[in-house]
Amino acid sequence: MQTPGGRIETDTVVCAAGAWSAEVGRWVGVDLPVEPMRRQILLTDAVPGLRPDTPFTIDLATSFYFHNEGRGLLLGMSWRDETPGFRLGRSDEWTADLAEVMERRVPSLTDLCVRSGWAGLYENTPDHNALIGEARGLDRFLYATGFSGHGFLQGPAVGEVMRDLVLGAQPFVDVAALSADRFAAADVRPEFNIV
Ligand SMILES: Cc1cc2nc3c(=O)[nH]c(=O)nc-3n(C[C@H](O)[C@H](O)[C@H](O)COP(=O)(O)OP(=O)(O)OC[C@H]3O[C@@H](n4cnc5c(N)ncnc54)[C@H](O)[C@@H]3O)c2cc1C
């Protein structure tokens, strides 16, 4: 493979390029249906009286969530008006929608001062589940991507699975259902609770 840093020769490639994976797949003619989708979060100033054991709390009706970040709360929510793309800026419209949901669900938190925030990219697949496996018809192109916003929690187990797939060993769990080929079938079942 020719890269800006020179030519790389290898007998095995693992695509773990997150939101950028579709492009990497195209380089070798493999369809990795991964779409970048911006997600924004805010961090608040310290919350007086906040208990250290405050649990990670999600309102599944709106996807609004918060958790204790030590110095304050981390607030997040997916945005109904978000469209796929590589944008990483924060949006005032999203902040206004977040405030409106908080007013209804947690009015006691709406007076908090925002300290900072950022946006990152979910790496969504059509059914919001990961793509894990080896491409058919190519000599050793493997992929572990498309975690659709669940990649941190799945990472340790997926790392073990990918090690085994690279070595040609049997993974501790059958990942056949996560093959990128599954979207050719008509009965793809999307995840229901998406945050
Ligand atoms: C706001 C927000 C909150 C989240 N909260 C959670 C959570 O609570 N729990 C959870 O499990 N997950 C969460 N996630 C999702 C989690 O961050 C992702 O699922 C995870 O980071 C995906 O890991 P990855 O290694 O597949 O991709 P990434 O972490 O995106 O890594 C891909 C890497 O590939 C590199 N790359 C891309 N193209 C190329 C190329 N051509 N050549 C070389 N390198 C390349 C990129 O630079 C990047 O470093 C959250 C995401 C966001 C945005």
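Helix α2 (residues 92–105) lies across β4, β5, β6 and β7, and runs at about 80° to β6. Angles here go from 0 to 180 degrees between N-to-C directions, with axes being lines fitted to C-alpha atoms, for helices over the stretch in contact. Two residues are in contact if their C-beta atoms, placed from the backbone, lie within 7 Å. Helices (H or I, at least four residues) and strands (E, at least two) are DSSP runs, numbered from the N terminus. This is a predicted model, in which local features need pLDDT of at least 70 and side-chain atom pairs count only at pLDDT 80 or more, while totals for chains, interfaces and linings use all residues. Residues are numbered from 1 along each chain as its sequence is written.

What does α2 lie across? Strands β4, β5, β6 and β7 belong to an open sheet of five strands, with antiparallel pairing and the order β5-β6-β7-β4-β8. β5 (57–59) and β8 stand at the edges with a single partner strand each, so one side of each has no neighbour in the sheet. From one strand to the next, the twist averages 20°. Strands count as paired if DSSP finds at least two bridges between them. For β6 (residues 64–68) and β7 (residues 73–77), the antiparallel pairing runs over four bridges, and phenylalanine 66 stands opposite leucine 75 in β7.

Zooming out, the protein has three helices and 10 strands, which follow the pattern β-β-β-α-β-β-β-β-α-β-β-β-α along the sequence. Its C-alpha atoms fill a box of roughly 55 × 35 × 35 Å, taken along the principal axes. Of the contacts between residues at least 6 apart in sequence, 67% join residues at least 24 apart. The domain assignment gives domain 1 (2–34 + 126–184) and domain 2 (37–122), with bounds that come from an automatic or database domain assignment. The centres of the two domains, taken over C-alpha atoms, are 31 Å apart.

Now for the ligand. Both domain 1 and domain 2 give residues to the shell around the ligand, so it lies between them. There are 20 residues around the ligand, and Gly18, Trp20, Gly120, Gly151 and Phe152 come nearest; a residue is near a molecule or strand if its C-beta atom, placed from the backbone, lies within 6 Å of it. At least two shell residues come from each of β4 (35–44), β8 (114–124) and α3 (151–167), and β8 gives the most, with four. The shell splits into 11 nonpolar, seven polar and two charged residues. Here Ala, Val, Leu, Ile, Met, Phe, Trp, Tyr, Cys and Pro count as nonpolar, Asp, Glu, Lys and Arg as charged, and the others, Gly among them, as polar.

Strand β8 also holds tryptophan 118, which is exposed, with 12 other C-beta atoms within 10 Å. A residue is buried if 20 or more other C-beta atoms lie within 10 Å of its own, exposed if 12 or fewer, and partly exposed in between, with C-beta atoms placed from the backbone. Buried residues make up 24% of the 195 residues. Tryptophan 118 and serine 108 are 10 residues apart in sequence, yet 23 Å apart in space, C-alpha to C-alpha.

Most residues other than glycine have a negative phi. Serine 63, in the loop between β5 and β6, has a positive phi of about 75° and is partly exposed, with 17 other C-beta atoms within 10 Å. Serine 148, in the loop between β10 (141–145) and α3, has a positive phi near 55°. Is serine 148 buried or exposed? With 23 C-beta neighbours inside 10 Å, serine 148 counts as buried.
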